[in-house]
Amino acid sequence: MLTRLREMHSPLAWGLIAGAALLIAALPAIGLPEYLVPQFGKFLCFGIAALAMDLVWGYAGILSLGHGLFFALGGYSMGMYLMRSIAGEGVYRSALPDFMVFLDWKTLPWYWSGFQSFGFAAVMSLVVPGVLAFVFGWFAFRSRIRGVYFSIVTQALTYAATLLFFQNATGFGGNNGLTDFKRILGAPLHDPTTRRTLYLVSAIALLGTYFVCRFVVTSRLGRVLTAVRDAELKTRFCGYESTHYKVFVWTLSAMLCGLAGALYVPQVGIINPSEMQPSNSIEMAIWVAVGGRGTLLGAVLGAWLVVGGKSWLTAAIPSAWLYALGALFVIVTLFLPRGLVGLGAKLRPAVDMVIARLRRPAKAT
Amino acid sequence: MVLSPAAHAGPLDDAVDGLAASSEDAIIVNVGRLAALDDPRAIPALSALCDDRLRAGTDGHAYIFDNKTRDVKHPITGAVIGSPPRPLKEVETSNDIRRVALPVLAQLQLASPNAAVRLAAAEELSKTGSAEAATLLHRALSREQNVGVRDVLSEAVARVDLASSSRDARLAALAIVEKTASDAFLSELQRMTAKGPNGTAVETDPQVYAAAMSALSAVKSRQRLIAFGGSLIHGLSLASVLLFVALGLAITFGLLGVINMAHGEMLMLGAYSTYTVQTLFHNYLPGAQQFYLLAAIPVAFLATGGVGVVMERSVIRHLYGRPLETLLATWGISLLLIQTIRLIFGAQNVSVANPDWLAGGTQIAQGLVLPWSRIAVVGFVILVAAGVWFILQRTRLGLQVRAVTQNRGMAATLGVPTRRVDALVFGLGSGIAGLGGVALSQLGNVGPEMGQSYIIDAFMVVVLGGVGRLAGAVAAALGLGVINKLIEPAAGAVLGKIVVLVFIILFIQRRPQGLFAQRGRVEA
């Protein structure tokens, strides 16, 4: 066990990670303004999604343009629980969610059953994206769909799902989605304590996701995945059935993304089909690209930088955000193929040299 | 024939002048006299009466006032009268007068020597459905020689006779209805066959009821056929637009192995080029406004092709061998293009008008109009596809493109300037999408985000057709476009898309290389 931990990180790195985790978890207690707590909680969820994205793209070379869909599916599962937990307290005082009353539905559709239980919804937020990813991935990888083909097909899947969820008849609230949540497990959602708890849970989930991802990529399985990424045919000829490895990591990644979505929804208070629009999935790719593909910490940092930049820029200069995002895509792919982490690594010799030069006079004396 | 107001004489003139009488009763009496005379020369005066264009002169004669030219005309000959006996008083036409005059007008028009006038009259008369309308129509039908007018007349007779109290008349009418199967009869047939609360139909005679039921099913199956035809037309034009996008994608993807996510924006740029050309023509060449579309074609091609070459030279060139990064970079470019267009032209859709020679359409069956714009788009895409085929198969550039597609290294060794070929092909592919934008501007809305909705479908076309295969792209675009539109009425647009997607995924299981697989070595 201990050796496995040492394989995952050096003791120093473990220490740094533990410190960072503690700092993040303690943020609300040490003066993070109350209104920013859900905002930061959102960032933590995006961090989880970025890890999931990096796992498939950075380590297995599968560029998914459908992770926004898995994220939203997790979110919808949690949203369905939150909707059902306020049965009878909507505008129409009906046991059904308001939008169903509005559509003149008399009974809950079958796929809404079970979601009155938090545990069921929590499990479903992992199972639904997982099953979809497994079925889709199994078919796609089995027929050797890879590279840009796979990206495009995932995007088409996401697009079709978005259209489906926009429909009122699908039974998920159409383009308004699910909203007006009141409480989770009996705790009012607007209560500061609930918010802090959700934040803390998200932080723990992020840390847990990081461990899982780190565990996977440092394992033998992770090395096979890297081999598949770099030379799939050679790996196959060495006797590894690349399809199985890909399906596994693809499904795991989708489930992690579903977890992120499930934590995201109670903190922002709404889930609607625009969350699964193809453009959102592509934005997830740029988080990872900015931070650095194939480095888990880089992916999280990238997500925070891009999402933070978006929050700031859309408020400051709204028309500039799309320019900034577009330019980011171009600049990162052209000049920062390894992302910011890669840039750091590249600058390291230069920094070392500067430090060495600064030290030399000191040595001379 | 020179006419002065004094030249009025004869019963026709008297009756026409009587239409300008001051009392309503007198006018109605004179309408009756015109009906008895049954002379088509009274048509202008009667229609003027119904449209409030009849005037009474101080000399007691009737005159027609022309609203457009503001001339005063003779009621029978239509000759312009230079100095009418002013002041002219408008003849007040009440609804009572109209009720009497309109059938008489139709009756006279049915006897008009002009076939178009007879046709319009028959249609007008069948709407009123009165007892005398039936007699009038029967009489007109027995006299009518022109086949087209006969058809309309017999339909009109049938429509009136469906409500007849005579069983034979109803049966005869239903026979005609079943033959024409026009949807105009749908509501009447439904009324006849509807079951009342006590379970008996409105139509009590069993034989007539059976005939009505079979006529109803004939009308319905014809409606389905028309709907099918409509979907087919829409599917064909969707396929054409898809083909515009997919042609360029298929070539660039086949040649460079990169996915250009900004390809849909080329469509958008093409459409905005058309809009710009239209605006320029409107401002500087209003006389040639009708021909702006012809000028827009080269402008759109060059503009989007230019953007494509710049994109290739500045960004994509540096990312060869890294297709996933190219995908992301071109997505970024598409965001930049959309936002730029939004800042220049605004976020709202702009309107691009059809020139007159593309407006309207041809009716290929009752209720099924084939718009000229859609025919033109289909024709245009055929021309472009033929042009692309020609370039690829019969020119030096095409030879080089095919060589580079098959084996880049070998082609370079043999002296093919691969870099130049890359840039040119990228420009060509973008330019074709720009032409698609010109076509699309004639069919739908032009807005900054219009390209996004086509790009995914276009990729599906490329995936389905096989990369770099023109014939595959054509077949797949046709198939997807038409299937999409055929599924849509039955399953809805969304389900249609999902069905198509599932179909593609299953299809790729069987044939990973697409419909038309590339022969030779496929790189892993």
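Modeller: Happy to! Two strands count as paired if DSSP finds at least two bridges between them. Please keep in mind that this is a predicted model.

Chain B has an open sheet of 4 strands, in the order S3-S2-S1-S4, and the pairing is antiparallel. The edges are taken by strand S3 (72-73) and strand S4 (89-90) of chain B; each has a single partner strand, so one side of each is left without a neighbour in the sheet.

S2(B) and S3(B) are joined by 2 bridges and run antiparallel. In this pair, Ile64(B) stands opposite Lys73(B) of S3(B). The two strands form a hairpin with 6 residues between them, where Arg70(B) takes a positive phi near 60°.

Next comes the pairing of S1(B) with S2(B), again antiparallel, with 3 bridges. Here Ala56(B) stands opposite Ala62(B) in S2(B). This pair is a hairpin too, with 5 residues between the strands, and in its turn Gly60(B) has a positive phi of about 85°.

What lies across the strands? Helix H3 (residues 43-50) of chain B lies across S1 and strand S2 (62-65) of chain B, and runs at about 70° to S2(B).

Since you have the whole model open, look at helix H7 (residues 147-161) of chain B as well. Its 15 residues should span 21 Å at 1.5 Å a residue, and its end C-alpha atoms are 20 Å apart, which agrees. H7(B) is mostly covered, with 11 of its 15 residues buried. Among the buried ones are Val149(B), Val152(B) and Leu153(B), along with Glu155(B), Arg159(B) and Asp161(B).

Finally, a word on the partner chain: 35 residues of chain A are in contact with 31 residues of chain B. On the side of chain A that touches chain B, H7(A) gives the largest share, 13 residues. The residues of that side divide into 26 nonpolar, 8 polar and 1 charged.

Key: Residues are numbered from 1 along each chain as its sequence is written. Chains are lettered from A and ligands numbered from 1 in the order in which they are written. This is a predicted model: local features need pLDDT of at least 70, side-chain atom pairs count only at pLDDT 80 or more; totals for chains, interfaces and linings use all residues. Two residues are in contact if their C-beta atoms, placed from the backbone, lie within 7 Å. Ala, Val, Leu, Ile, Met, Phe, Trp, Tyr, Cys and Pro count as nonpolar, Asp, Glu, Lys and Arg as charged, and the others, Gly among them, as polar. Axes are lines fitted to C-alpha atoms, for helices over the stretch in contact, and angles run from 0 to 180 degrees between N-to-C directions. The expected span of a helix is 1.5 Å times one less than its number of residues. A residue is buried if 20 or more other C-beta atoms lie within 10 Å of its own, exposed if 12 or fewer, and partly exposed in between; C-beta atoms are placed from the backbone.
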